[in-house]
Amino acid sequence: MPKVLVLYYSSYGHMSIMADAIAEGARAAGAQVDVLRVPETAPQAVVEAAYFKQDHTHPVIEGIDKLAEYDAIVIGSPTRFGRMASQMASFLDQAGGLWMRGALHGKVGAAFSSTASQHGGQETTLFSIITNMLHFGMTIVGLDYGFQGQMGVDEVKGGSPYGATTIADGDGSRMPSAVELDGARYQGRRVAETAAKLAA
């Protein structure tokens with residue numbers, strides 16, 4: 001049974017919802033899954049002024065060394081100017097010791113994200129996460145085209161071969177759609193299946 005960590009940062013709750021869907025997919029494939037979030041680094045005055053979500057359903061990760069306990073790590077972050085949010089970057093920047101020890105070599109990695117618009121930097125944000133994972137020596141699992149829901153133009157939807165995504169709209173009012181959540185579940189399942197095969 002592979003051990004999977006879904007680790008995310010969320011300002012308005014979209015990434016939390018996507019994280020739960022990824023975890024659901026991984027659990028359906030037989031994995032043991034933890035869903036954790038990185039610490040908020042914005043000052044409390046900014047959090048309140050921007051109406052960030054404060055009633056979180058997932059606990060904060062205990063520290064960077066926790067990553068070494070898992071067979072697979074799925075990281076999610078909203079887009080900040082086409083890259084991951086500083087809260088997630090700040091957390092990953094603490095991984096120098098893990099990198100030096102090769103503690104994440106051969107583990108499975110995957111990414112998910114959200115943007116305000118369809119062309120708001122979803123794919124570059126995913127790559128900003130994936131780049132870290134490749135430096136850690138991880139094997140990347142995307143959202144392959146076995147998930148056909150990401151195809152077509154019948155509705156506004158996120159999703160790319162690099163990872164599951166959602167579109168939040170400029171005011172954050174749009175929550176992840178059914179097809180976006182299905183994509184997240186599919187990716188979670190593929191992560192768990194891949195981790196199981198590599199562990200074997």
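**Helix H6**

I began with the length of H6 (residues 178-199), helices here being DSSP runs of H or I with at least four residues and strands being E runs of at least two, both numbered from the N terminus. At 1.5 Å a residue the 22 residues of H6 should span 32 Å, and the end C-alpha atoms are 32 Å apart, which agrees; the expected span is taken as 1.5 Å times one less than the number of residues.

I noted that this is a predicted model, in which local features need pLDDT of at least 70 and side-chain atom pairs count only at pLDDT 80 or more, while totals for chains, interfaces and linings use all residues. Residues are numbered from 1 along each chain as its sequence is written, and side-chain values use heavy atoms, with hydrogens and water left out.

Next I looked up the buried residues of H6 (under 20% relative accessible area, against over 50% for exposed and in between for partly exposed, with a 1.4 Å probe and protein chains only); among them are Val179, Leu181, Ala184, Tyr186, Gly188, Val191 and Ala195. Their cover includes strand S1 (3-8), H1, strand S3 (72-80), strand S5 (108-115) and strand S7 (164-167), contact meaning heavy atoms within 4.5 Å.

**H1 against H6**

I then checked how H1 (residues 14-28) meets H6, and found that their axes come within 6 Å and cross at roughly 45°. Axes are lines fitted to C-alpha atoms, for helices over the stretch in contact, and angles run from 0 to 180 degrees between N-to-C directions. H1 and H6 are therefore oblique to each other, since angles under 35 degrees count as roughly parallel, over 145 as roughly antiparallel, 65 to 115 as roughly perpendicular and the rest as oblique. From H1 the contact includes Ile17, Met18, Ala21 and Ile22, and from H6 it includes Leu181, Ala184, Arg185 and Gly188.

**Helix H5**

I repeated the length check on H5 (residues 122-135), whose 14 residues should span 20 Å at 1.5 Å a residue and whose end C-alpha atoms are 20 Å apart, which agrees. The buried residues of H5 are Gln122, Thr125, Leu126, Ser128, Ile129, Ile130 and Met133. After H5 comes Gly137, with a positive phi near 85°.

**Positive phi outside glycine**

I found Tyr51, not a glycine, with a positive phi of about 60°, in the loop between helix H2 (44-49) and S3; at 70% relative accessibility Tyr51 counts as exposed. Asp169, also not a glycine, has a positive phi of about 75° and lies in the loop between S7 and H6, where at 41% relative accessibility Asp169 counts as partly exposed.
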